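Subject: Structure handover

Hello,

Here is the structure for you to look through. Please open it first, then read my notes below.

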Amino acid sequence: MNLEDALDSQTIISRRMSIISLSASPSRNASQQLTAESPATSIATENSLAISKFDFEEDLESSRVYRRAVRETMDYSFRSSIAGSHSWSVFSGLSLGDISIMPVIALPVYQDDITNAEHYDFGEEPAPNTETHGTVTDNPLLIECLELKLKLLTIPGMSRYFDEIPHPADDFSHLRSVLEQATPLAILAQALDPTENLSVRLPEDLNYDVKKELVLWFAQFCHDKLDIKTSNLITVQDLMGGSAYSIFKVISLISNITKNLVIRGPPMNHLSSVKAQVDAQPSELRKLLTEHRQFVRDLDELLELKDQLEMLSGHIFQGSRDLAATYVTFGIITERNLLLPSTQQIWAPAFDFILTSMRYEASHYVYYGSHRARIQLWLKKGRFKDRDKIRESLARCLYLLPIRAKRISMLFEFSEYLKGQPMATEEQKKDRSRSQSSIAKIVSQLQDKGMSSGTLTAVQELQQRIEDWKGIHPGDLGEMILCKSLYVKKSSKTHLYHGYLFQKMLLLCKETRGQGSGESSFYRSKSLSEQKQTKFILKGRFHLRHILSVTPISKQATHVCEVEWGAENSDKSAFSLVFPVESEMRTWTSKIDEYRMMAILMTRPNLDTEEIDPPIMGNTDESVPEDFTERREPWKRYGVIK
């Protein structure tokens, strides 16, 4: 028996003894009756009278907290916050006058909530399902549309509908105009199943109601004759609704049911030529557009989960259809450049289009954040543990929900690609400048607006504790994202600093007095009185736009976020943030990376006129590392950790 078990046994025995001693009092009738009716408890108590008690137990027994305990079973754990089967209740034999204002609540504690999580055992969280569902092709959407159009043109009677559309913008628009007439759906059905006898009138004779009936008939045909699942069938709204995402769904279905149609002759040569032209484009561009198509597919799958989860939490999907429509259109505009030589590629219209709907999209990322938190809480608390299908769908939904960081990363990669492309003509220079300007405006819409009360409080506290701000205006820091006491390693030296990640800057501060000694200060929190007594020296300040890369490194019990910083085309420097818990390191890495990309994109249109940051003055309380004793350019001395 270990010490903890021994203490538990002593406490239980003492508690039983106290119940017997209190049973003689008139004010303890209930306890007296309980003792009299429980011979097992009496026998157990008599057998343990000889066991000694701790001196402090009598005080504990007489306290209200101990007197409120109804049961004597081991229905709790020192290493778990999960409520047992006999949870205490304020109604357990108590009147309103007996109910304490300090209720007993088993609050959930997660690994990220505490700094010494390595000393505790946590239940495993359900891993999100990252498998890609359904059939996935790497072909651009416009290539898929071209291939589908050529297949449909092999069906007798179909070419006239394509010929009636003069000068379409692209093959997606061409298919859209043809399929919206509804009659080609009937022709396609008859080609797939010649036994179908449907009298099809000319397009000019089909009013909206007839087209609606024809779309419903086609959906029933796909379900009955082609075994298409109900969730994959098209609706009248899909074909007639006018949304790019709706047409995307229609094209996906028809591509699936025509996969066995064969293209021969010159049309096949034309398709092969176009695919070769796409393959000749830079690999960076093809990778960017592939990632974008995956983003659209994720939104499509998220909307497919709607039928399973809508009754549970339908508001999770609010706005997802509009977001999908926006990015289907964006993908079409950008993919048009795949069919053009690099000297004729124009990118600004695509980003201008995104900018028109960005305010609406930015608001949805806020909602998606709360939805993710709600789903995570459901999964951690074990909700729906007896319904595997729902839990699997929720875990998949958690993976598919759009996050702002992913959109920022894709915009950053696009910006980097455009920045590295040669500009042979004045028209290209204007297009690149306009594209970068639109990207900056998009990021501005995605940024946090205003400063929260928590940020204002934190900045006010820092103003009281930092005497020399080295030329920084605290009001320009932006929203505070993260703060923590952490170890910072530079070269071979490691120091304990207070880290503050703001929207525009990373600050590292050192306490001038009251600093804890050893590793224990890394985990313990200082009292309010201690905090008020300490002052800070600003040891490092880094504009996020000057951070070049952030790399997470985990090796056994060491979790490091390596930060490389410096001006472009100049010497680089690096330091490391050390964390005791991997999840904390991952959080800081992702947030620094997200906000550094936002800062870079916001300033990129004005890089030519950007001012150099002022130098940081040397500190005299610590020795200066050798690699910082030489004379430096202003940007190199800025942000130096000493």
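Start with a lysine. The side chain of K490 makes a polar contact with the side chain of S573, at 2.8 Å. You will find K490 in strand 1, which covers residues 480-490. Is K490 buried or exposed? Its relative accessibility is 11%. Buried means under 20%, so K490 counts as buried.

One caution before you go on. This is a predicted model.

**The whole chain**

The protein chain has 642 residues, and 41% of them count as buried. It holds 25 helices and 7 strands. It exposes about 35,100 Å², and carbon and sulfur atoms supply 52% of that area. Residues 24 or more positions apart account for 71% of them.

**A buried arginine**

Next, go to R596. It sits in helix 24, residues 582-603. Its relative accessibility is 8%, so R596 counts as buried. What does R596 touch, leaving aside its neighbours within four places in sequence? The list is F412, L544, I547, L548, S549 and V550. The side chain of R596 reaches the backbone oxygen of L548 at 3.2 Å. The backbone oxygen of I547 lies 3.4 Å from a polar atom of the R596 side chain. R596 and L506 are 90 residues apart in sequence, yet their C-alpha atoms are 9.9 Å apart in space.

**A lysine in a loop**

K535 lies in the loop between helix 23 (528-533) and strand 4 (536-543). At 26% relative accessibility, K535 counts as partly exposed. Which backbone oxygen lies 2.7 Å from a polar atom of the K535 side chain? It is the backbone oxygen of Q464.

**Two helices side by side**

Now find helix 6 (residues 141-152) and helix 13 (residues 266-279). Their axes come within 10 Å and cross at roughly 180 degrees. Angles over 145 degrees count as roughly antiparallel. Helix 6 and helix 13 are therefore roughly antiparallel to each other. Helix 6 brings I143, L146, E147 and L150 to the contact. Helix 13 brings P267, H270, L271, V274, K275 and V278. Of the residues in this contact, 7 are nonpolar, 1 is polar and 2 are charged.

**Two positive phi angles**

Finish with two loop residues. H167 is in the loop between helix 7 (159-163) and helix 8 (171-179). Its phi is near 50 degrees, a positive value in a residue other than glycine. H167 counts as exposed, because its relative accessibility is 80%.

D227 is in the loop between helix 10 (208-225) and helix 11 (236-240). D227 is not a glycine, but its phi is positive, at about 55 degrees. At 65% relative accessibility, D227 counts as exposed.

Best wishes

Note on methods. Residues numbered from 1 in each chain as written. Predicted model: local features only at pLDDT ≥ 70, side-chain atom pairs only at ≥ 80, totals over all residues. Heavy atoms only, no water. Helix = DSSP H or I, 4+ residues; strand = E, 2+ residues; numbered from the N terminus. Buried < 20%, exposed > 50% of the residue type's maximum accessible area, 1.4 Å probe, protein only. Polar contact = N/O pair within 3.5 Å; in protein donor to acceptor, adjacent residues only side chain to side chain. Axes fitted to C-alpha atoms, helices over the stretch in contact; angles between N-to-C directions. Parallel < 35°, antiparallel > 145°, perpendicular 65-115°, else oblique. Contact = heavy atoms within 4.5 Å. Nonpolar A, V, L, I, M, F, W, Y, C, P; charged D, E, K, R; others polar. Areas by Shrake-Rupley, 256 points an atom, 1.4 Å probe, with all protein chains shown as cover.
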